[in-house]
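Hi everyone, thanks for making the time. Today I'd like to walk you through a single chain, starting with its overall build and then moving to a few places along it.

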Amino acid sequence: MNSPNTSQADTCPYHGGSTQTADVPPLDPGIYSLTPDEAKFFKAVTGIDDDEKLRAHILLTQEKAYKVAPYPCIYCFTFVRMGITKLPVYQDIIAMGRERPNAIFLDLGSCFCVDSRRAAFDGFPAHNIISSDIKKEFLELSHFLFRTSKDTWAGHFIPGDALDPEMLSVAPIVRGSKVGSPPDLSTLTSLNPLRGHCSVIYASCFLHLFTEEQQLHLGRALAGLLSPEPGSLICGIQATKKEKGDVLITFGNSVHTFFCHSSESWTELWDGTVFQKGQVEVRTSTKEILSMGQILDVLYWSVKRL
């Protein structure tokens, strides 16, 4: 595990929450920024080459989204950061999409599906990508941001509450040989038919929104979706602490409490609790970031089936 220097550009790790509109700060266009890689990507996928026109387009997307979901991640432009590219396993994800037949990528807590779009841009087949979030409006916002439609974007979006068993329930971990053919992704209204079929499950700024007990529940549910093939991955980014416990985050006029695992407790959760000891390889690294005037610790992690 390593702890690089404090960074301001990587991500704001707080995705959702129950913030009421009256409690949130007004949007501040002055904090908008894109790295060269982000600008190159958004220009390529939107067809907007002019920097000022691209800025105006992203700011308008943010304005529309903030009315639907006044989340910190929208306020501080996390949705443009493409955190998935900062994971050490990112190139493994892209290679799996290119080389493994019928590899399925699930982006859970996807917001506008930006990480899904980036994975597709870099070579993961879009028709095998599923994005999911609790707000169905995020699909329309994704199409607005990327200037696409259901006819021009081959990926799939399944809205729903990850704690609703009709959407995602705990099932036995699939072991042994690969399961049968995957379902028709275009017909899905739930994640449950994906059991044993997901080659990659990505959860960014998501799991720390839940209690410790709920995080364990979701870990077991995601493990049931994972393909039994060696190399299959569950990975993500989230807030962390040196010792597991609550973190208080101020956003506007409200204070939110998040339960954050440490690197050690997160490793123990996956290797020995969700999966039997030795069935997976867990890798973690941490980084300090400056977000909304607060120094926060962020965990980059991956769980690989052996």
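Let's begin with overall size. With 306 residues, a compact globule would have a radius of gyration near 19 Å, and the protein chain agrees with that, having 18 Å. That radius is taken over C-alpha atoms, and the globule rule is 2.2 Å times the number of residues to the power 0.38.

A quick word on where the numbers come from. This is a predicted model, in which local features need pLDDT of at least 70 and side-chain atom pairs count only at pLDDT 80 or more, while totals for chains, interfaces and linings use all residues. Residues are numbered from 1 along each chain as its sequence is written, and side-chain values use heavy atoms, with hydrogens and water left out.

Back to the whole chain. Taken along the principal axes, the C-alpha atoms of the protein chain fill a box of roughly 50 × 45 × 35 Å. The protein chain contains eight helices and nine strands; these are DSSP runs, numbered from the N terminus, with helices being H or I of at least four residues and strands E of at least two.

How much of the chain is buried? Of the 306 residues, 55% count as buried. Buried here means under 20% relative accessible area, exposed means over 50%, and partly exposed is in between, using a 1.4 Å probe and protein chains only. The chain exposes about 13200 Å², and carbon and sulfur atoms supply 50% of that; the areas come from the Shrake-Rupley method with a 1.4 Å probe, and for residues only the protein chains shown count as cover.

Now contacts, meaning heavy atoms within 4.5 Å. Among the contacts in the protein chain with a separation of 6 or more, 74% are accounted for by residues 24 or more positions apart.

Helix α7 covers residues 212–225, and its 14 residues reach 20 Å from the first C-alpha to the last, close to the 20 Å expected at 1.5 Å a residue. The expected span is 1.5 Å times one less than the number of residues. Which residues of α7 are buried? They are Gln215, Leu218, Gly219, Ala221, Leu222, Ala223, Gly224 and Leu225. Their cover includes the strands β1 (104–108), β4 (198–204), β5 (233–239) and β7 (254–260), along with α8 (263–270).

In helix α6, residues 137–146, the buried ones are Phe138, Leu141, Ser142, His143, Leu145 and Phe146. Here the cover includes α1, α2 (51–68), α5 and β3 (156–157). Just after α6, Arg147 takes a positive phi of about 55°.

That brings me to backbone angles. Most residues other than glycine have a negative phi, and most peptide bonds are trans. Asn102, in the loop between α4 (90–99) and β1, has a positive phi of about 60°. Cys111, in the loop between β1 and α5 (114–121), has a phi near 55°. Cys111 is buried, as its relative accessible area is 7%.

Asn102 also turns up as a partner. Asn128 sits in the loop between α5 and β2 (129–132) and is buried at 11% relative accessible area. Not counting residues up to four places away in sequence, Asn128 touches Asn102, Ala103, Ile104, Phe105 and Leu185.

My last stop is Ser302, in strand β9, residues 294–305. Is Ser302 buried or exposed? It is buried, with a relative accessible area of 6%. Leaving aside neighbours within four places in sequence, Ser302 contacts Val89, Leu233, Ile234, Cys235, Glu281, Val282 and Arg283.

For contrast, here are two residues with higher values. Glu268 in helix α8 counts as exposed, at 53% relative accessibility. Glu288 in strand β8, residues 280–291, is partly exposed at 29%.
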